[in-house]
Amino acid sequence: MLAGCGDISASSVSVKRNIIPDSAAIVSAGSNEAGTASAASQVDSSADAQTSSAESQESSELKAGSQSESAAAATDAPDKTSGTGEMTIHFLDVGEGDSTLIESQGHFLLMDGGDRDHSSFVVSYLKKQGISTLDYVIASHFDDDHINGIVGALHVFTVSEMLEPGYAGTTNVYQSLKNIESQKSIVPVVPKVGDSYNMGSISFTVVGPANYSHDEENDNSLCVLMICGNNRFLFTGDAQETSEKEICGTGISLSADVLEAGHHGSSTSNSETLLNAVSPKYMVLSCGKDNSYGLPDQDVIERIRDKGISMFRTDEQGTILATSDGTSITWSTEPSTTWAYGSVPDRTNAAGSESWDSTISYNAAGDTGTSAKYILNTHTMKFHLPGCKYAEKISKKNYAESNESRDQLIAEGYSPCGWCNP
Ligand SMILES: [Zn+2]
Ligand SMILES: [Zn+2]
């Protein structure tokens, strides 16, 4: 069921200045009135409206019986400038991490909360929105760069329902999360694929992970499809290629207008398979400016550009707002056109950081001492020089070292990395 948004060709965007709170970043100087080819009319999603609605129907049948009651009503809808549509999504600029606030008709959902350095920013941003109750909090997974701000938010706001993946984290911040949950008598729900929830005038459906027993914690990331009328937004946390392929096979259509780039634009995620299944018009990338991990990856950026997808990114544009009225999506800024990608990671920093994923730090630490000639990815069948940034991102189970010659490796079916040219 991969069809749906394939016929979308419009990559235009409309800019609406009056929906931006003080904490949101730049408004591009571009103007609709200019009538240029690139910055023109509202997104036309009417072409695929019928398909989308049929798909929503289909997915709501799949999840029959799991419809959750809309969480207890929040206090009166705060009178603020940003809630002009049926739904506003705030992609918060939390540097190298992830945090998204979703509001609909005075109800709020927080998905992830960024790392330790951004926890207080997230809490104060939420306060500025007039929030006292969060209808839902979703932890996509338990890595530091996703849940520190959730711990902060749980200390401050009332939370009606908490959703988490079904595995135990190993970090200190995971323990902090468990502590604050028990202190506040919050019993997290572990959803399964197809579970669906309502909030305000939107609904959301859990589309992944297929199971919670992946070796890579990132692959246990909750994947959530937000539905506002005919507009659909997909979030996959840090799910990597393994999980991306699995969620493409659940029978639920992943077709969406907007896809948040997986794993901060890493090449471990954002596979061709997923991008084809989602067929987004827009992608939003949450990553830190000049981050030491070299994200986003060049091949991911080129894949997105080559597919004609418009790209928004927090490292360049700060906090980004997308508002949906159920038919069209309005953005607080115009898409980035830099197509910039990260540079070689500073391994000293990467190894010493406490706020990065275990996959990265394992390899960053792991290959500082290697004397092997080449690093192999036994899954993608690529080989790299030990210092290559891509070698550092190979997951534990696909990682191997070799002292064989270049020709031998090629004879075994490996191909040289196009970036480090081994
Ligand atoms: Zn992660
Ligand atoms: Zn992450």
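Helices (H or I, at least four residues) and strands (E, at least two) are DSSP runs, numbered from the N terminus. This is a predicted model, in which local features need pLDDT of at least 70, side-chain atom pairs count only at pLDDT 80 or more, and totals for chains, interfaces and linings use all residues. Residues are numbered from 1 along each chain as its sequence is written, while chains are lettered from A and ligands numbered from 1 in the order in which they are written.

Q: How many helices and strands does the chain hold?
A: The chain has 11 helices and 18 strands.

Q: Why are H2 and H3 called oblique to each other?
A: Helix H2 (residues 119-128) and helix H3 (residues 144-156) pack at about 45°, with axes 8 Å apart. Axes are lines fitted to C-alpha atoms, for helices over the stretch in contact, and angles run from 0 to 180 degrees between N-to-C directions. Angles under 35 degrees count as roughly parallel, over 145 as roughly antiparallel, 65 to 115 as roughly perpendicular and the rest as oblique. H2 and H3 are therefore oblique.

Q: Which residues of H2 and H3 meet?
A: Ser119, Ser120, Val122, Val123 and Leu126 in H2 meet Asn148, Gly149, Gly152, Ala153 and Val156 in H3. Contact here means that C-beta atoms, placed from the backbone, lie within 7 Å.

Q: What makes strand E4 largely enclosed?
A: A residue is buried if 20 or more other C-beta atoms, placed from the backbone, lie within 10 Å of its own. In E4 (residues 133-138), 5 of the 6 residues are buried, so the rest of the structure largely encloses this strand. Across the chain, buried residues make up 53% of the 422.

Q: How do you know that E3 and E4 pair?
A: Two strands pair if DSSP finds at least two bridges between them. Strand E3 (residues 107-113) and E4 have 3 bridges, in the parallel sense. Leu110 stands opposite Val137 in E4.

Q: Why do E5 and E14 count as edge strands?
A: The open sheet of 7 strands runs E5-E4-E3-E2-E1-E13-E14, with mixed pairing. E5 (158-163) and E14 (329-331) each have a single partner strand, so one side of each lacks a neighbour in the sheet. From one strand to the next, the twist averages 20°.

Q: What links E13 to E14?
A: Strand E13 (residues 320-324) pairs with E14 over 3 bridges, in the antiparallel sense. Ser324 stands opposite Ile329 in E14.

Conventions:
Contact = placed C-beta atoms within 7 Å. Buried ≥ 20, exposed ≤ 12 C-beta atoms within 10 Å, placed from the backbone.
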